Amino acid sequence: MGAWLDETLTWGHALLFFLWGVILLLVVLGFVTYAIFFERKVIGWMQYRIGPNRVGPWGLLQSVADITKLLIKEDTIPRKADRALFILAPALAYVPAFAVLAVIPYTQKLYFADINVGLLYYVALSGISTIAIILGGWSSNNKYALLGGMRSAAQMISYEVPLVISVVGVVMLSGSLNLRSIADQQGDWFWQWNFLPQIIGFVVFIIAAVSELNRTPFDLPEAESELVAGYHVEYSGFRFAFFMLTEYVYVYAIAALTTVLFLGGWHAPFPFLDWVPGIIWFLLKFTSIVFFLFWIRATLPRIRIDQLMGLGWKVLLPVAILNVFLTAVYMELFVK
Amino acid sequence: MKGLLKGLGVTLQSMTKKKVTTSYPDVPIVMPDRFRGIQHFEPDKCIVCNQCVRICPTECITLTGKANPDPEKKGKVIDTYDINFEICILCDLCTEVCPTEAIVMTGNFELASYSRDDLFKDMQWLDDNNRNVRQDNNNIGAPAAAKGGAK
Amino acid sequence: MIRTEELLLNVGPQHPSTHGVFRIIVKLDGEVITEATPVMGYLHRGTEKLAEDLNYTQIIPYTDRMDYVSAMTTNYVLCHAVEKMMGLEVPERAEFMRLIVMELQRVASHLVWWGTYLLDIGAMSPFLFAFRDREIIINLFNELCGARLTYNYMRVGGVKWDAPPGWIEQVRDFIPYMEGKLDEYHNLVSGNEIFLARIRGVGRYDAETAINFGLSGANLRSTGVDWDLRKSKPYSLYDRFEFDVPLGRNGDCYDRYNIRLEEVRQSLRILKQAVEQFPGPGDVMGKVPRVIRPPAGELYVGIESPRGEIGCHIVSKGKAEPYRLKFRRPSFVNLQILPKLLVGETMTNLITILGGIDIVVGEVDC
């Protein structure tokens, strides 16, 4: 992959890139299908239920059935909605979610794009989804959707800042914004991975990431007990499916990003376990982060909007900046 | 932070605990004997005393009697007996007052249907509804003589 | 200069957190409420008017449907009022049965409240935890009287059914189980920092306001007023048992939350004593005339339901039907403070405060 990227672009290469893109899309769709299934199972188990088990063996086809149902559902657009924006919003939400996946490296060899500003690219693109959510909330011409959209705007802007600053420490340690080299530079032993030396950054990153994902306890834009369904209250069928898809693709992206930035990517926790392929380690770490997200969703209540803002600006941001400062001091004293 | 972690611990532990889900439509739920389900009506026992109609708080029971076809016997026999399950609240009062236990509760509770008309049950249907019939009826409202051994 | 305008938001009657068909019209400035107007009556069935055409036994099933989360206490208040009017004696065993089911009902009702309140606040597991345990109580009731929600269990002068064999033992086994589960609830939620931040200091009022609004139950006791009808004006057999009335100090949602969970523990304490002292075999139905005709006159009886003081005011003209029947429904009375509490709060706190009051719409609209 890397070799082709450096060569001049020909039709053959373009077709090849396109095929790779399609393969990634299929992988992501498969992930979303089974992430939803896994989420419902895990939350079910935590609530003394057994979760979906009726469609297919062990309920494995439940999400497929759900998606099929959404696809064949009537597509409704409210009469007073802003039609063009209403149609645009779900697509606009999904495109950046898929585009950020390009920079995620899975192993030393398996990656899609090797951009030197990979991390920056990720953060910049994922910001666009916020606009889509505001658009969706505004164009629906529904008061609940509008409140949800506004909350989402406030929340995403506030949490993008600590999210980016929390990874600055990692960038300083590895001296690169390229995700592949960040993952590569983390050591062979698990305590050499970034999550221990950068523990403050790691915690801030996780909190900000959950908030970016709009998941419990930060699911205020949706907040079904207050805003009914928040920004997508007027969406149904296929367009609603796109918003859900976006949400789960971001789960994929954030879990992969956390693995790469803080959990050593494809490295084995001990050097003597190196014989296990790197992709297995990647998937293991990736899955445990996804599980963690589901786990807190099953446990925690929702935070209030003013507390959310307070947490973002008054706690996470100063802590993230402190982390940058401490990292700088450490590097000045010990690394130089 | 401590309370948060405690909560996470509780949910994690419950993952492996025994589940409480029942497989209801596959395995029917057996209700206890006293359950107040759809009534079973035995026309032969009915003496057309009209008590169930009078006690019914929602007036969902309608009945008509006719003269006994056997000329040697006195009294009436039941002709039609309908319960409208759109408004029946299964309060148990009709079975409580019935002196002959002609109308009794059963353990059946599945009434869902596609049409409201299906909820209007006639005598034949109520007679055929004879599974899981309640054994102990405890009609405290019935006259002492008719109480029988059921207590 | 940016022109701003108020947003008129219609919360309900179809809204996930209004606990049924309750509606609030709120004026929002951003997310801050400037005015709130509750609209009720979507579940009005005219129970009180209907009762004027029914005899007293027939009214009992209607009381089930008033406070459907706690039907046993509504059953009791009507029967108790009629018995008091007619001066009927209730056999001890029947009174014990009534007390046991009422306390079980209080536990069940508070469990529903706890689960749905946490659901309002955004945690979904507690709801299923609570319903898992409530299911045990519901099954006990089902065995006892054949219904899971609308029990129609009590009669004027006694109860309809005696306890089936082994039922009291099941209640006895349930008590330690529930005590264990209560600790689990506290572990799951009560210490959670997010949850505490959501409910501490929210929906505050002082004792004077509470009394002026006629609040009762946990809503009143959260301000520190020691008023529990089971202790203040003992009815049934409550004067025979030892229990505490949990009190709050600040009158906020946090105090109400703690009081309700503590009441569950106190109910279990009462149940434990009641099961121990449960009398031997005997009648569960007193000597009641064939047709119940209370003497002409008026009578008001109030008892402590899980939501507060539920009262029954009967005006009788000596007929088999009441001339006028009035229920003092605690949900309805407690709800009156809502518009006052909501002004200046955010949309999120609306849900927290409404949930904290603990209404059952069937009872509000009656």
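Predicted model: local features only at pLDDT ≥ 70, side-chain atom pairs only at ≥ 80, totals over all residues.
Residues are numbered from 1 along each chain as its sequence is written, chains are lettered from A and ligands numbered from 1 in the order in which they are written, and side-chain values use heavy atoms, with hydrogens and water left out.

Chain A contains 13 helices and 0 strands, where helices (H or I, at least four residues) and strands (E, at least two) are DSSP runs numbered from the N terminus. The radius of gyration of chain A is 20 Å, close to the 20 Å that the globule rule gives for 336 residues, so chain A is as compact as a globular protein of that length; this radius is taken over C-alpha atoms, and the globule rule is 2.2 Å times the number of residues to the power 0.38. Taken along the principal axes, the C-alpha atoms of chain A fill a box of roughly 65 × 50 × 45 Å. Of the 336 residues in chain A, 54% are buried, a class defined by a relative accessible area under 20%, with exposed meaning over 50% and partly exposed in between (1.4 Å probe, protein chains only). Contact means heavy atoms within 4.5 Å, and among the contacts in chain A with a separation of 6 or more, 77% involve residues 24 or more positions apart. Chain A carries 21 positive and 21 negative charges, whose mean positions are 9 Å apart. In this count Lys and Arg are positive and Asp and Glu negative, while His and the chain ends are not counted, and the place of a charge is taken as NZ of Lys, CZ of Arg, CG of Asp or CD of Glu.

When neighbours within four places in sequence are left aside, V32(A) is in contact with L245(A), Y248(A) and V249(A). By comparison, the C-alpha atoms of V32(A) and A89(A), which are 57 residues apart along the chain, are separated by 20 Å. Apart from its neighbours within four places in sequence, Q62(A) is in contact with F37(A), R40(A), P52(A) and V55(A).

Chain A also meets chain B, with 13 residues of chain A in contact with 13 residues of chain B. The area buried between these two chains is about 1,200 Å², of which carbon and sulfur atoms give 71%; buried area is the accessible area (1.4 Å probe) that two parts lose on being put together, summed over both. W45(A), Y48(A) and W295(A) supply 45% of the area that chain A buries against chain B, more than any other three residues.

Chain C has 15 helices and 8 strands. Its radius of gyration is 21 Å, close to the 21 Å that the globule rule gives for 366 residues, so chain C is as compact as a globular protein of that length. The C-alpha trace of chain C spans about 80 × 45 × 35 Å along its principal axes, and 64% of the 366 residues count as buried. Of the contacts in chain C between residues at least 6 apart in sequence, 72% join residues at least 24 apart. The accessible surface of chain C is about 12,700 Å², and 52% of this belongs to carbon and sulfur atoms. The mean positions of the 42 positive and 47 negative charges of chain C are 4 Å apart. Within chain C, 9 of the 9 residues of helix 2 (residues 56-64) are buried, so this helix is largely enclosed by the rest of the structure; among them are Y56(C), I60(C) and D64(C).

N152(C), although not a glycine, has a positive phi of about 50°; it is found in the loop between helix 5 (125-145) and strand 4 (154-155) of chain C and is buried, with a relative accessible area of 2%. N132(B), also not a glycine, has a positive phi of about 50° and lies in the segment after helix 4 (123-128) of chain B, where N132(B) is partly exposed, with a relative accessible area of 48%.

Key
Areas by Shrake-Rupley, 256 points an atom, 1.4 Å probe, with all protein chains shown as cover.
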